[in-house]
Structures are given as structure tokens and as C-alpha cells.
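Please keep the sequence and the model in view while reading.

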Amino acid sequence: MARTLINAPSTARRGDVIEIRTTIAHPMETGFRPGEDGKILPRDIIRRLSCRYNGELVFSAELFSAVAANPYVAFHTVATDSGTLALTWEGDKGFTQTENISLRVAG
Amino acid sequence: MRRPPPAPVSAPAITRRRVLGSAAALGAWAQIGTAAAASDELAAAVSSYAGGAPVRTGKVRLEIAELVDNGNVVPLSVTVDSPMTAGDHVLAIAVFNEKNPQRDVARFTLGPRAGKASVTTRVRLATTQQLVAVAQLSDGSFWSHTVNVIVTLAACIEGDP
């Protein structure tokens with residue numbers, strides 16, 4: 001399990017646009033860089049980040065080797081209902097991790 | 001003691017000045033050649049993303065430092081001027097680069113539920129180059145913004161942690 005950091009409000013009013021900032025500890029090895037032995041290190045990156053709000057996909061990002069290590073992605077969504085936002089990271093070497101955050105929507 | 005007058009230089013002789021001049025010209029030409037090839041690849045990546053549809057400039061704003069000290073971590077954000085309603089919203093945003101080993105940087109899929117067409121990430125830049133952000137709107141049009149970035153410490157150098 002990689003360490004993740006998710007910064008999002010825990011409460012919001014209905015219709016508010018909230019910002020979700022995420023980062024995950026990952027080397028994002030590009031696949032273009034030689035290692036100590038001079039051989040190219042195999043690629044190991046996070047290829048996709050998706051956000052499901054109560055099961056519905058509201059945002060996704062496709063990442064490539066050009067994204068920096070410990071990939072940081074910030075995006076927005078409209079607070080519609082109380083519930084959970086599931087953030088899923090998927091990558092090379094079968095990497096997959098999901099983190100849930102809860103959001104309480106008032107009004 | 002009398003010095004002999006300097007020998008007249010014959011016209012086709014290879015002088016130091018000529019050699020340096022032609023070497024510089026050759027270097028400049030080679031650089032222009034590679035730069036043009038890289039821009040072509042960038043343009044090709046953008047047009048293949050747009051699926052051949054015209055890509056106009058405007059609406060999109062790619063924010064990135066013009067002078068980058070460390071190419072390993074470069075904050076970048078893309079904002080699109082859109083009301084983000086069900087009828088008029090941004091479907092996708094993509095960022096392309098000119099001179100990294102791969103043209104793609106990141107592609108984001110948004111929708112009316114995004115509320116605000118603004119994404120931020122951090123990228124690696126191999127060298128001084130151009131970056132292009134392209135947005136696809138719900139009406140099918142494509143808009144872009146191109147930025148030139150100067151990188152002093154490149155990413156992807158050997159022995160780099």
C-alpha cells in the first residue's frame with residue numbers, strides 16, 4: 001500500500017464546487033532512464049487516477065511518464081449528495097489502490 | 001633586420017575564421033532541423049488527439065512557470081473558460097510536450113459534474129521546450145494554449161535519483 005494524501009472538504013453545501021487534491025507515494029519510473037548497470041530501468045508508473053462519487057465516475061486522469069514522481073493531481077467536482085468519493089489509482093506491475101473519503105452535503 | 005612582408009592570403013585558403021564560421025552555420029542548421037522535427041511531432045500529437053478537427057487557440061489557459069529551475073517537478077495547471085453546465089462543458093483536457101521522450105504528458109476526462117474546468121498536476125521536463133494544453137468541449141470543438149518553457153536543470157539525466 002502506497003501512502004496517499006487526499007485533501008478535500010468533509011462538508012459542503014449542495015451545489016458547491018469542491019476541490020480535491022491528491023498525491024500518492026510512487027516513484028513513477030519513466031522507462032527511459034538507465035540504472036546503475038547502464039541498462040534502461042523498466043517503466044513503473046501510475047497510468048490512471050479515477051474518482052467515483054457515490055459510484056458515478058466524475059473525473060479521471062490518464063498519466064504518462066512525464067508526470068513527476070509522487071503524482072499530484074487536483075481537480076474539482078460539484079457537491080450533490082452526501083456520500084463517498086472513491087479515488088482509484090491504477091498502474092504498471094498490477095498496481096491498484098483505492099481510498100475512500102466521505103463528504104457530508106448540507107442544504 | 002627587416003621582416004618579410006606577410007604573404008598574401010589566397011582566396012580559397014582554409015582560414016580559421018572560415019572554418020569557425022561554417023561550423024557555426026552547420027550547427028545552427030542542425031538545430032533548426034531538429035527543432036522543426038520536434039514541433040512537427042507535437043503538432044501531429046495534437047491533431048491526432050483532436051481526430052483531425054480544427055484546434056483553435058483561446059478559451060484554454062495553461063499555467064506553468066516560464067523559467068523552470070528543476071525539470072523534475074514542474075507544477076502545471078490548465079483552466080478552461082467554460083460554464084460547466086449540462087449543455088456546455090469541457091469533456092477532456094490533454095497536455096502535450098515537444099521534447100520529452102514521449103509527446104503525451106497527461107489526459108484528463110471531465111464532465112458537467114466537474115463543476116469547474118481546472119486541473120493541476122506536476123510534470124517532468126527534459127529540456128527547454130513548448131507545451132500545449134488542448135481542451136475538447138461538449139460541442140465538439142477543440143481549443144488550445146501553447147507556452148514556451150525554459151528549463152535550467154533537466155529531468156531524466158543519468159544518475160538522477
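A residue is called buried if 20 or more other C-beta atoms lie within 10 Å of its own, exposed if 12 or fewer do, and partly exposed in between, with the C-beta atoms placed from the backbone. This is a predicted model, in which local features need pLDDT of at least 70 and side-chain atom pairs count only at pLDDT 80 or more, while totals for chains, interfaces and linings use all residues. Residues are numbered from 1 along each chain as its sequence is written, and chains are lettered from A and ligands numbered from 1 in the order in which they are written.

**The two chains**

- Helices (H or I, at least four residues) and strands (E, at least two) are DSSP runs, numbered from the N terminus.
- Chain A has zero helices and eight strands, so its pattern along the sequence reads β-β-β-β-β-β-β-β.
- The C-alpha trace of chain A spans about 60 × 20 × 20 Å along its principal axes.
- In chain A, 31% of the 107 residues count as buried.
- Chain B contains one helix and nine strands, in the sequence pattern α-β-β-β-β-β-β-β-β-β.
- In chain B, buried residues make up 33% of the 161 residues.
- Two residues are in contact if their C-beta atoms, placed from the backbone, lie within 7 Å.
- Among the contacts in chain A between residues at least 6 apart in sequence, 56% join residues at least 24 apart.
- For chain B, residues 24 or more positions apart account for 67% of the contacts with a separation of 6 or more.

**Where the chains meet**

- The contact between the chains takes 27 residues from chain B and 24 residues from chain A.
- On the side of chain B that touches chain A, β6 (104–109) and β7 (118–123) of chain B each supply at least two residues.
- That side of chain B has ten nonpolar, ten polar and seven charged residues; here Ala, Val, Leu, Ile, Met, Phe, Trp, Tyr, Cys and Pro count as nonpolar, Asp, Glu, Lys and Arg as charged, and the others, Gly among them, as polar.

**A sheet built from both chains**

- Strands of a sheet pair through backbone hydrogen bonds, either parallel or antiparallel.
- In this briefing, two strands pair if DSSP finds at least two bridges between them.
- An open sheet of six strands has the order β1(A)-β3(A)-β6(A)-β7(B)-β4(B)-β2(B), with antiparallel pairing.
- The edge strands are β1 of chain A and β2 of chain B, each of which pairs on one side only.
- From one strand to the next, the twist averages 15 degrees; axes are lines fitted to C-alpha atoms, for helices over the stretch in contact, and angles run from 0 to 180 degrees between N-to-C directions.
- β1(A) pairs with strand β3 (residues 17–24) of chain A over four bridges in the antiparallel sense, and T4(A) stands opposite I24(A) in β3(A).
- Between the chains, two bridges join strand β6 (residues 72–78) of chain A to β7(B), and these strands run antiparallel. V73(A) has T121(B) as its bridge partner in β7(B).
- Six bridges join β4(B) to β7(B), again antiparallel, and T79(B) stands opposite S118(B) in β7(B).
- Strand β2 (residues 60–64) of chain B pairs with β4(B) in the antiparallel sense over five bridges, with V78(B) in β4(B) as the bridge partner of L62(B).

- In soluble globular proteins, nonpolar side chains tend to be buried together.
- A nonpolar core is a set of buried Ala, Val, Leu, Ile, Met, Phe, Trp, Tyr and Cys residues joined through C-beta atoms within 7 Å.
- The largest nonpolar core has 60 residues, of which V67(A), I93(B), V95(B) and A133(B) touch the most other members.
- Beyond its neighbours within four places in sequence, I93(B) is in contact with residues including V78(B), V80(B), F108(B) and A133(B).
- V80(B) lies in strand β4 (residues 74–80) of chain B, and five of the seven residues of β4(B) are buried.
- V80(B) counts as buried because 23 C-beta neighbours lie inside 10 Å.
- V80(B) and A133(B) are 53 residues apart along the chain, and their C-alpha atoms are separated by 9.8 Å.

- A2(A) is found in the segment before β1 (4–7) of chain A.
- A2(A) counts as partly exposed because it has 14 C-beta neighbours inside 10 Å.
- Leaving aside neighbours within four places in sequence, A2(A) is in contact with I24(A), A25(A), H26(A) and Q97(A).
- A2(A) and Q97(A) are 95 residues apart in sequence and 7.9 Å apart in space, C-alpha to C-alpha.
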